[in-house]
Amino acid sequence: MSRLKYALIGHGRRGAAHLSTAATLKDTFDIVAVCDAHPESAEAGAAKVGVKAYTDVRKMVDEISPDVCDVVVPAPLHHTVSCYLSQCGISHNVETGLAPTLGLMDMMIADAAENNVKLQTSENFPFVPVEQFVCKLIKEGVIGNIHKCYRLFSTTGYHGLAAIRCRMDANPKAVSSIGHTMPVTPYIDRAKRDFNRENLEFYAIDFDNNGLGIAMVGNKNGCLGRNKLVGFETCGERGTIITNGNQGATGGETVNVCTDEDLTENAGRAQTYEFQREYHEDKTLHRIFVELPASLGGRVEWVNPYQHTSISETGISLATMLDGIARAVREDTQPLWTGEMGRADQEMVIAAHRSIQTNRQPIQLPLEPDPTEEDAFDRDFEAQFGVHPREDIEKALQVNFKAR
Ligand SMILES: NC(=O)c1ccc[n+]([C@@H]2O[C@H](COP(=O)([O-])OP(=O)(O)OC[C@H]3O[C@@H](n4cnc5c(N)ncnc54)[C@H](O)[C@@H]3O)[C@@H](O)[C@H]2O)c1
């Protein structure tokens with residue numbers, strides 16, 4: 001089948017990674033445009049791939065009619081671009097978080113369904129090779145049924161919660177959360193973010209399989225000498241999988257699991273089996289595997305579907321997302337991470353915030369949009385940009401800003 005005409009919308013910090021990944025997927029995408037409201041950012045992206053630069057989404061859509069758009073603008077603007085694209089009948093991938101409020105996400109999902117277009121949330125964390133491998137170990141029953149997961153890390157909650165949901169293979173039913181904030185000496189980090197406070201949120205999520213997910217998130221970023229150790233522990237009936245909580249960190253992962261003999265003759269002390277990586281000569285990842293005793297299933301491996309490209313281990317999750325929207329369009333199937341799944345991840349974060357506001361009370365899921373939250377978003381948006389975020393989507397589409 002011929003390649004899909006791909007246009008990037010938002011060539012900022014994250015958009016640059018999307019563009020280079022799409023350029024590597026040569027059999028899938030024909031990059032036809034780069035659009036960014038900031039002219040230099042649009043020009044810089046377009047020059048990299050030799051296409052026309054646009055600063056207006058509407059003009060780009062009119063002139064180019066892409067098959068697929070990749071939306072990497074700041075999150076408060078996701079719904080404007082997504083709803084416009086849906087109304088134009090264009091399938092699209094939208095970066096995370098899908099949108100800041102439940103009402104905005106519902107609007108995006110409804111517009112996509114009404115116009116019969118594919119909406120994918122670009123939730124890449126579950127598609128990091130190690131994450132895919134962990135889920136394979138779980139599915140093969142290596143550590144038994146999962147009842148508990150801890151993920152301690154310092155940034156955005158929905159990534160970790162998405163990964164916990166995959167490991168549990170269950171639906172969240174309630175969230176309780178503790179919030180804490182403390183002043184710090186002002187500083188600007190390497191990503192040019194201003195800090196004068198440190199925030200912490202600690203989530204406890206009950207799943208409908210009686211599993212418990214614990215996640216710590218915040219803006220603690222390793223500065224001021226803070227502990228950079230992060231961890232992801234997945235606890236099953238027979239063993240534990242230990243990985244990094246930071247999707248950018250690789251190495252040192254293990255599965256610690258008991259054979260029947262370990263249980264009866266070694267007082268339940270598990271053996272440790274390291275994740276092993278095998279690379280091709282050009283250093284691309286070939287596979288991740290563990291060698292387990294035959295009684296635990298022998299070798300389990302995840303083979304890199306991108307091993308014949310130059311995509312590095314850390315780029316595989318994004319390539320998987322972009323392939324996901326392409327496959328959904330070509331084969332008329334569901335995207336890898338639907339709008340509804342992106343909403344479910346954000347729903348847990350929103351529930352956590354509601355719990356913090358109600359003195360750590362558990363908040364039952366699913367959640368309905370709360371008019372107070374929706375109004376607060378609309379008021380802020382209007383105050384900041386002088387236009388209502390949902391009454392006139394085309395007008396709201398003209399809003400632009402750089403997140404950093
Ligand atoms: N999945 C991940 O790991 C990950 C990591 C970083 C960022 N993100 C997400 O990526 C998105 C972008 O974040 P970023 O850090 O790249 O922000 P950024 O500010 O660096 O880039 C956004 C770009 O969008 C452009 N833009 C703004 N309004 C526009 C409009 N109306 N039309 C066209 N272009 C417009 C801006 O000029 C800017 O160049 C956010 O949703 C963020 O949450 C995801």
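Me: In which sense do β15 and strand β16 (residues 285-291) pair, and over how many bridges?
Reply: Strands of a sheet pair through backbone hydrogen bonds, either parallel or antiparallel. Here β15 and β16 pair in the antiparallel sense over 4 bridges (pairing needs at least two DSSP bridges; strands are DSSP runs of E, at least two residues, and helices of H or I, at least four, numbered from the N terminus). Tyr 279 stands opposite Leu 285 in β16. This is a predicted model, where local features need pLDDT of at least 70 and side-chain atom pairs pLDDT 80 or more, while totals for chains, interfaces and linings use all residues. Residues are numbered from 1 along each chain as its sequence is written, and side-chain values use heavy atoms, without hydrogens and water.

Me: What is the strand order of the open sheet, and which strands are at its edges?
Reply: The open sheet has 3 strands in the order β15-β16-β17, paired antiparallel. Its edge strands, β15 (276-279) and β17 (299-303), each pair on one side only. From one strand to the next, the twist averages 25 degrees.

Me: Which strands does helix α6 lie across?
Reply: Helix α6 (residues 129-139) lies across β15, β16 and β17, and runs at about 145 degrees to β17 (axes are fitted to C-alpha atoms, for helices over the stretch in contact; angles run from 0 to 180 degrees between N-to-C directions).

Me: Is Asn 93 buried or exposed?
Reply: Asn 93, in strand β5 (residues 91-94), is buried because its relative accessible area is 0% (buried is under 20%, exposed over 50%, partly exposed in between, with a 1.4 Å probe and protein chains only).

Me: With which side chains does the side chain of Asn 93 make polar contacts?
Reply: The side chain of Asn 93 makes polar contacts with the side chains of Gln 120 (2.9 Å) and Ser 122 (3.2 Å). A polar contact is a pair of N or O atoms within 3.5 Å; within protein, one must be able to donate a hydrogen and the other to accept it, and residues adjacent in sequence count only if both atoms are side-chain atoms.

Methods: Contact means heavy atoms within 4.5 Å.
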